[in-house]
Amino acid sequence: MNITTVDLKSDAVVEVRRLACARAIEASGRGRPWTGADRDGALVSYARRGRLRQALAGRVLTIWRIAYEDACGRRIESRLVPLLVDVRGQSRPRRRAPVRDLLRQIEGRLRSLVDQIEPRWRADATTIAAAFASARVARERAVAARPRDQRLLFQPGLFDRRSERARQLEIDGGREADRQAQARASAATNSASLSPRGGELLLVLTP
Amino acid sequence: MQIPRSGDLVYVRRTRWRVVEVRDHESCQVVTLRGVAPPHAGLERRVLLPFDAIEPAAGGSAAPRFVCAGVWRRACRALLSAETPPGSLTAARSARIDLLAHQLEPALAIVRGLATRLLLADDVGLGKTIQAGLVAAELIGRGAIERVLVLTPAGLRDQWTSELSRRFGIQAASVDGLLLRRIATTLPIGVNPWVTLPIAVASVDYVKRAEVLPAVSACTWELVVVDEAHGAAGDSDRRAAVQALASCAAYVLLLSATPHSGDRAAFASLCRLGEVDATPLTVFRRTRSEAGVGTARRVHLVRIHLTASERRMHALLSRYGDALRADLGRDVRGDTLLALSVLHKRALSSAWSLARSVERRLESLTSTAADCGGQLALPLGDVSGDLVRADEPPPWPDELRLSDSGRERRMLAALLETARAASASETKVRRLDALLRRTREQAVVFTEYRDTLMHLQRRLTRPALVLHGGLSRVERSAVLAEFGATPAALLLATDAAAEGLNLQARCRLVVNLELPWNPMRLEQRIGRVDRIGQTRTVHAFHLVAADTREMRILARLRARISNAGADIGIVSPLDDEEIARRVITGDVSDEHHDS
């Protein structure tokens, strides 16, 4: 029998902990969940509490997202990257105009920095995405290459052509299914390639 | 019109959207959009280019937006909770499920590219539906698949659609003949109604029909889930249909708590479902103890001593069998012997059940009408595919006849008379009645045949609900709702009707009126109440007629369980006969078992 097993027990336990943590973070807030993740522009706020300002110690917290997208442009893997920018000595960081100016100044430099960091995550993301895609592609190719089962025996009707029509429909259906299988195999191959998406600034917290 | 890129902000139908994905097709593009403003914020929608106008949104610059601390915190919390490392699951976070490690493993295996064809063969009640739902939700969420077909026994369609919707937000259509006809009336002639159903839950027995299968297999199904896949293991139309659909799918999930009946060839056949190349089937089989869930199970074997008239009935049936064998001589065929053993099975189920079979046979012997037993029955009375026929009496095969029809009629008449006399006061029914009188809990009694079921309902002193293959979807739902709502309800069910049901919420007592030949069926019966969510010790009673062929069945069951155990590891559902005897005779209290 052609069967195998995979041992993901310990990974599943880790995953349960991660998911429990994610659910706890989500449930910890009051009010309805936030749905504006895809709005344009980073969200900027000021640290109001003393302890938070103390923790920031004159630095601006920026949270970025780096991601990989497939050939269709769908975000396949992503990661949040926090960066602190020292702004001690900058004037009036709690006013909107200086914050805008500051972000304009640093965004380009930070983006190029963000695009290079997290090499381990990048390696993991591409490896796992490639494994996922190659398993799918291999299966789709095998499906497309599989000979189609067709009835070998066929008895044409003596007085009507219903069975011939049914047979013709079956043959046409088979051809169409083959065409679809080939198309799916090539679509899977095409969408298997991943490309990195430039860093995206999501959140800014000023001291 | 310019084709947008993913990440672009666009206006579609006067609303602002972010482009998530642009998928090229032959002469159009499917553009997936995510809403950025109420009332569509966060929702995904699809439009077709060039049929829909997509305009780039002006002012979609990345200018920072100043927000109050509360909004910022909510955004931060949402981003942090959605953060998913490579090879982890995204759908499980928002799914309405308890997080159990063993349930995540199949989805993890798929996401990491370790498998595309899986057999989920966990013990009964460990949440295979949830695991399949997770896989589907994960693949849909990643944009890897769009079309899912769930093949299930007819009675579980509603349970599947409800679970997919409630737990994973997947809106699946419960497909039957009526729905397809309704859809077809809204479509141009020649358009396959299955194409319009991206996520379909259908009965495997409906899909296998010659007039249905071509339309189903003409569609692309990227994920095919086969629930109770052991039903498609043998050489049958069901297997052919499942194989035709699964071998075209990108992902295949076979679900069965009882994949191995002790028959290695059938197990190998099950493992080949959906096979297209040398890639092996990935098997997940976890026991309750491995998964760290489930309560204790006590299985009690109750030996029943038959009355004189019951013994005489079995003796007459054996004599009829001997006469048949002597008559057929060396020409006796395997299927003739099988048909004969089915008669013995019915006798072990209930004298009433045997009497009904013999009655029908005598009627056909005396009838002058043309015999149409060999003609295939058309599914005319079951357009929706709801009905299950496995619990109906099997037809009497032509080979099962004596050359001297007068002698046969005499033998059968004597057998019928004895069976009727025995059915007036059957030992098993009395014992069952005694057992049920001792408890005020909910209980489920299983039998293989509908005739026995109806007989039981008439004979038991406790009022009972019945669940069998002849009930429509609405009737089944009503019975299950009443069983769930009535504290001391008694449910009489046939295997065919009760497969896959979740009855653990208030019930922990299962009684098997007769032993099935297949150990998987025994496990399936107990598994209706012994599953995740059960908080009390489960009690299963097997009523076995001593000094009859049922003891041989018991020995054979043990051998088959041992076979299956050697191949994939199965816990025996047979033990504890002494305690059961005491419970029936009233020597000990129920609580004694748990100690």
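Trainee: Leaving aside neighbours within four places in sequence, what is B:Leu223 in contact with?

Mentor: First, keep in mind that this is a predicted model. B:Leu223 is in contact with B:Ala136, B:Leu139, B:Ile145, B:Val148, B:Ala249, B:Ala250 and B:Tyr251, once its neighbours within four places in sequence are set aside.

Trainee: And which residues touch the most other members of the largest nonpolar core?

Mentor: B:Leu223, B:Val224 and B:Val226 do. That core has 168 residues. In soluble globular proteins, nonpolar side chains tend to be buried together.

Trainee: What other core lies apart from it?

Mentor: Another core, of 16 residues, lies apart from the largest one. Its members include A:Val44, A:Val60, A:Val99 and A:Leu103.

Trainee: Back to strand 11 of chain B. Which residues are on each side?

Mentor: Strand 11 of chain B covers residues 223-226. B:Leu223 and B:Val225 are on one side, B:Val224 and B:Val226 on the other. All of them are buried, so both faces are covered. In a regular strand the side chains alternate between the two faces of the sheet.

Trainee: Which strands does strand 11 of chain B pair with?

Mentor: Strand 8 of chain B, residues 148-152, joins strand 11 of chain B through four bridges, and the two run parallel. There, B:Val150 stands opposite B:Val225. Strand 11 of chain B also pairs with strand 12 of chain B, residues 251-255, in the parallel sense over four bridges. B:Leu223 has B:Tyr251 as its bridge partner in strand 12 of chain B. B:Tyr251 is also among the contacts of B:Leu223.

Trainee: Is strand 8 of chain B enclosed or open?

Mentor: Largely enclosed by the rest of the structure, because five of its five residues are buried. B:Val148, B:Val150 and B:Thr152 are on one side, with B:Leu149 and B:Leu151 on the other.

Trainee: What does strand 8 of chain B do with strand 10 of chain B?

Mentor: They pair in the parallel sense, over five bridges. Strand 10 of chain B is residues 199-203. B:Leu151 stands opposite B:Ala202 there.

Trainee: New topic. How many residues of each chain are in contact with the other?

Mentor: 72 residues of chain B are in contact with 69 residues of chain A. Helix 1 of chain B gives the most to chain B's side, with 12 residues. That side divides into 42 nonpolar, 16 polar and 14 charged residues.

Trainee: Now helix 1 of chain A. What span should its 20 residues have?

Mentor: At 1.5 Å a residue, they should span 28 Å. The end C-alpha atoms are 28 Å apart, which agrees.

Trainee: Which residues of that helix are buried, and which are exposed?

Mentor: In helix 1 of chain A, A:Ala12, A:Glu15, A:Leu19 and A:Ala22 are buried. They cover an arc of only 85° around the axis, so they sit on the same side of helix 1 of chain A. On the other side, A:Ser10, A:Arg17, A:Ala20, A:Ala24 and A:Ser28 are exposed.

Trainee: What covers the buried residues?

Mentor: The cover on helix 1 of chain A includes helix 1, helix 2 and helix 3 of chain B.

Trainee: Last one: B:Ala351. Where is it placed, and is it buried or exposed?

Mentor: B:Ala351 is in helix 14 of chain B, residues 351-366. B:Ala351 is buried, because 30 other C-beta atoms lie within 10 Å and the cut-off is 20 or more.

Trainee: Which residues is B:Ala351 in contact with, leaving aside neighbours within four places in sequence?

Mentor: B:Glu310, B:Met313, B:Ala419, B:Ala422, B:Ser423 and B:Glu426. As for B:Leu365, B:Ala351 is 14 residues apart from it in sequence and 21 Å apart in space, C-alpha to C-alpha.

Trainee: And chain B overall? How many helices and strands?

Mentor: 22 helices and 19 strands. Of its 595 residues, 48% count as buried.

Methods:
Residues numbered from 1 in each chain as written. Chains lettered and ligands numbered in written order. Predicted model: local features only at pLDDT ≥ 70, side-chain atom pairs only at ≥ 80, totals over all residues. Contact = placed C-beta atoms within 7 Å. Nonpolar A, V, L, I, M, F, W, Y, C, P; charged D, E, K, R; others polar. Expected span 1.5 Å × (residues − 1). Buried ≥ 20, exposed ≤ 12 C-beta atoms within 10 Å, placed from the backbone. Arc of directions from axis to C-beta. Core = buried A, V, L, I, M, F, W, Y, C linked by C-beta atoms within 7 Å. Pairing = 2+ DSSP bridges.
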